[in-house]
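Subject: Structure for your review

Hello,

Here is the structure for you to look through. My notes on what was found in it follow below.

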Amino acid sequence: MKIAILGKPFSERIAPFIQKLFDELLLRKADIMLVEHFQLYLQNTLEIPNDIPTFKRGDDLTGVDVVLSIGGDGTLLDTVTYVGAQQIPILGINTGRLGFLATISHDSINVALDALYKGHYTLDDRALIRVDSDQEIFDGINFGLNEFSVLKRDSSSMIAVHTYIDGEYLNSYWADGLVVATPTGSTGYSLSAGGPLVLPQTNNFIISPVCPHNLNVRPMIVSDRSVISFEVEGRSSSYLASLDSRSVPVDMNVQLAVRRENFVARLVKLHHVNFLSTLRSKLNWGIDNRNLFQK
């Protein structure tokens, strides 16, 4: 099996588990590739061979069977940008805090590897959001798994986000910003902004204003076959455009629109893990002492 690995620095207590991961992969004679910056970190942290080949963002990963993302949810979001349209399956190993997307705990690595090699998993295709603009703003990586956000840059005046769906005027959101989330992103920033939770396989976008000035606007669910476009105005000369964990300042005159990307992020899902169980275990969703007696 050919495996590409991306990751971020981890705590000292996690190091033995990651060492076991590499030991097990080498024992299984896996063909390993490491992202450049992670290899430099690992060589000073673990005992790994010095001749493991490396790759960087934009490289062709043809032939790779699976990509391991070692870190938290932010690492997995970053991993999606390396895989892109190649749609290679991604398995997230959580060495961070929440781990909503990176569902494999560091102490379950061996179980996950067994399942991976035995084929005891399914592939969970997740829709991506794409940003189109009349000026390049995300260095060509204009897709994300969670959400696209338009936000004010300072701490004083709000912005107005004039929003259109398939060219038809929807509303002018006077707010600190606006979030357009995928179903996967419904558990992230959109949720904090008051948006609803939606199941991953629903074909929609969630539009959620951030701290709106008008109390009569609420989050809205629209088809992900729609094109959502924006015109932004405010007292500043620019605003902040954010795509997952990547943020850039954008001039007010830049035209922006979002739509569903024509490829997906393919997440490896082990048979004992599902979205509803993750909701309960990671977000304490519906925790109520009365429910303990229902099982």
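**Cavities**

The largest cavity holds about 50 Å³ of space. Please keep in mind that this is a predicted model. In total, 3 cavities of 30 Å³ or more were counted. One stretch of the lining of the largest cavity comes from Lys-152, Arg-153, Asp-154, Ser-157, Met-158 and Ile-159, and the lining also includes Gly-234, Arg-235, Ser-236, Ser-238 and Met-252. By class, that lining consists of 4 charged, 4 polar and 3 nonpolar residues.

**Nonpolar cores**

The largest nonpolar core contains 54 residues, and Ile-5, Phe-22 and Leu-25 have the most contacts inside it. Leaving out residues up to four places away in sequence, Leu-25 touches Ile-3, Ile-5, Ala-30, Ile-32, Leu-68, Leu-113 and Tyr-117. Another core, of 27 residues, lies apart from this one; among its members are Ile-165, Tyr-173, Val-180 and Met-252.

**Helix H2**

Helix H2 spans residues 36-43, and its residues Phe-38, Gln-39 and Leu-42 are buried. They sit on the same side of H2, because the arc they cover around the axis is only 105 degrees. An α-helix has 3.6 residues a turn, so residues three or four places apart point the same way. The packing partners of the buried residues of H2 are helix H1 (15-27) and the strands S1 (2-7), S2 (31-35), S3 (54-55) and S4 (66-71).

Val-67 is part of strand S4. Its relative accessibility is 0%, so Val-67 counts as buried. Not counting residues up to four places away in sequence, Val-67 touches Ala-4, Leu-6, Thr-79, Val-83, Ile-88, Pro-89, Ile-90 and Leu-91. Val-67 and Leu-267 are 200 residues apart along the chain, and 9.6 Å separates their C-alpha atoms.

Asp-73 belongs to helix H3, which covers residues 73-83. Is Asp-73 buried or exposed? Asp-73 counts as buried, because its relative accessibility is 19% and the cut-off for buried is under 20%. With neighbours within four places in sequence left aside, Asp-73 is in contact with Gly-99, Phe-100, Leu-101 and Ala-102.

Regards

How values were computed. Residues numbered from 1 in each chain as written. Predicted model: local features only at pLDDT ≥ 70, side-chain atom pairs only at ≥ 80, totals over all residues. Heavy atoms only, no water. 1 Å grid on protein atoms, 1.4 Å probe; cavity = no way out; pocket = protein on both sides within 12 Å on 5 of 7 lines; lining within 4 Å. Points joined across faces, edges and corners; volume = space filled by probe spheres on them. Nonpolar A, V, L, I, M, F, W, Y, C, P; charged D, E, K, R; others polar. Core = buried A, V, L, I, M, F, W, Y, C linked by side-chain atoms within 4.5 Å. Buried < 20%, exposed > 50% of the residue type's maximum accessible area, 1.4 Å probe, protein only. Contact = heavy atoms within 4.5 Å. Helix = DSSP H or I, 4+ residues; strand = E, 2+ residues; numbered from the N terminus. Arc of directions from axis to C-beta.
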